[in-house]
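Okay, everyone, let's take a look at this one together. I'll talk through a few of the helices.

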Amino acid sequence: MMCAATATGDWWARGIVGKIGGGFSHESEHDLALMVSDFLENGCSSGADSRCSSDSDSGLSDLHHLGDKISFYKRTVAQYESDLLSTVHSLVKLIKESDLHHVKSGPCNASCINFSLVKLLRLSGYDAAVCASKWQGSGKVPRGDHEYIDVVNCINAGSSERVIIDVDFRSHFEIARAVDSYDRILKSLPVIYVGSLTRLKQYLQVMADAARSSLKQNSMPLPPWRSLAYLQAKWHSPYQRQFDPGEQNFSCIDSSDHKQYSGHLKSLPSSLQFEMEGERFVKPIKSDNNWRVKFERRRHSLFRAL
């Protein structure tokens with residue numbers, strides 16, 4: 001039995017490509033549209049007509065556990081990442097809509113915000129760049145491309161580390177007919193991700209598991225564009241660093257895609273303020289202060305006292 005949405009599959013496929021999160025070239029966008037259509041026709045189970053949006057008991061337990069992991073990851077931050085996050089929040093609020101320029105002939109995909117933020121970061125002394133990643137499809141993972149920001153932090157004379165910035169982080173994890181607890185987990189994610197690739201991978205694993213659990217409660221399979229492999233490809237694939245849009249500057253202020261990210265920019269200050277107020281009383285755990293060792297010492301001391 002086909003999904004109810006299949007009757008309007010072509011329209012739905014065109015619409016969802018723009019909402020999956022991340023940037024796509026025309027070729028990869030075509031691949032993704034074909035994958036969505038194939039998923040609608042062959043991947044949906046017979047129970048997918050369910051309109052359930054509340055949690056089952058077992059699903060609620062699973063998602064509650066995954067939500068705890070997200071809270072833990074948000075608190076275990078290195079000092080450099082915490083400082084950079086504060087800087088990014090401050091700089092984003094300085095970007096005005098008039099500062100945005102549509103920098104590509106194709107979809108905007110947050111390029112306008114990314115290049116504006118990179119400019120401000122570099123003026124602030126950071127080695128920041130817009131990273132354009134691209135990967136070839138394999139198996140159920142289609143080829144694609146994505147755009148994000150990285151900051152290279154020199155640890156010492158011989159080594160450095162990349163800190164990833166994604167200005168529209170939550171959009172990568174939106175799913176159809178999510179249960180209530182999944183929506184809560186989605187809203188608990190950072191509005192803007194700033195952190196290491198290692199911590200990013202932890203977020204991706206949790207969100208792929210959470211999406212699978214939510215969709216399972218509606219008898220729906222996990223779509224390929226929400227699989228862990230697809231999510232990881234966005235930030236772990238080969239990339240090129242760009243410091244400015246250069247000659248690829250197009251005046252396309254009427255682009256609906258560009259207007260979408262202009263709207264996202266307008267909503268960022270209030271979203272960041274709401275996030276900050278929600279975490280005001282949550283003390284972060286600095287991961288570079290040997291907190292695990294200290295925790296184990298306190299735990300053993302407590303056991304000896306008992």
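So, in helix α5, residues Ser111, Cys112, Ile113, Asn114, Phe115, Ser116, Leu117, Val118 and Leu121 are buried, meaning under 20% relative accessible area with a 1.4 Å probe, protein chains only. Keep in mind that this is a predicted model, where local features need pLDDT of at least 70, side-chain atom pairs count only at pLDDT 80 or more, and totals for chains, interfaces and linings use all residues. Residues are numbered from 1 along each chain as its sequence is written, and side-chain values use heavy atoms, with hydrogens and water left out.

Helices here are DSSP runs of H or I, at least four residues, numbered from the N terminus. α5 covers residues 111–123, and just after α5, Gly125 has a positive phi of about 100 degrees.

Next, α6 and α7. Their axes come within 9 Å and cross at roughly 160 degrees; axes are lines fitted to C-alpha atoms, for helices over the stretch in contact, and angles run from 0 to 180 degrees between N-to-C directions. So α6 and α7 are roughly antiparallel, the word for angles over 145 degrees. Who touches whom? Tyr182, Ile185 and Leu186 in α6 meet Met207, Ala210, Ala211 and Ser214 in α7, where contact means heavy atoms within 4.5 Å.

Last pair: α7 packs with α8, residues 228–236, at about 155 degrees, axes 9 Å apart. That makes α7 roughly antiparallel to α8 as well. The α7 side of this contact includes Leu197, Leu200 and Lys201, and the α8 side includes Leu228 and Trp235.

How values were computed. Helices (H or I, at least four residues) and strands (E, at least two) are DSSP runs, numbered from the N terminus. Angles under 35 degrees count as roughly parallel, over 145 as roughly antiparallel, 65 to 115 as roughly perpendicular and the rest as oblique. The expected span of a helix is 1.5 Å times one less than its number of residues. Buried means under 20% relative accessible area, exposed over 50%, partly exposed in between (1.4 Å probe, protein chains only).
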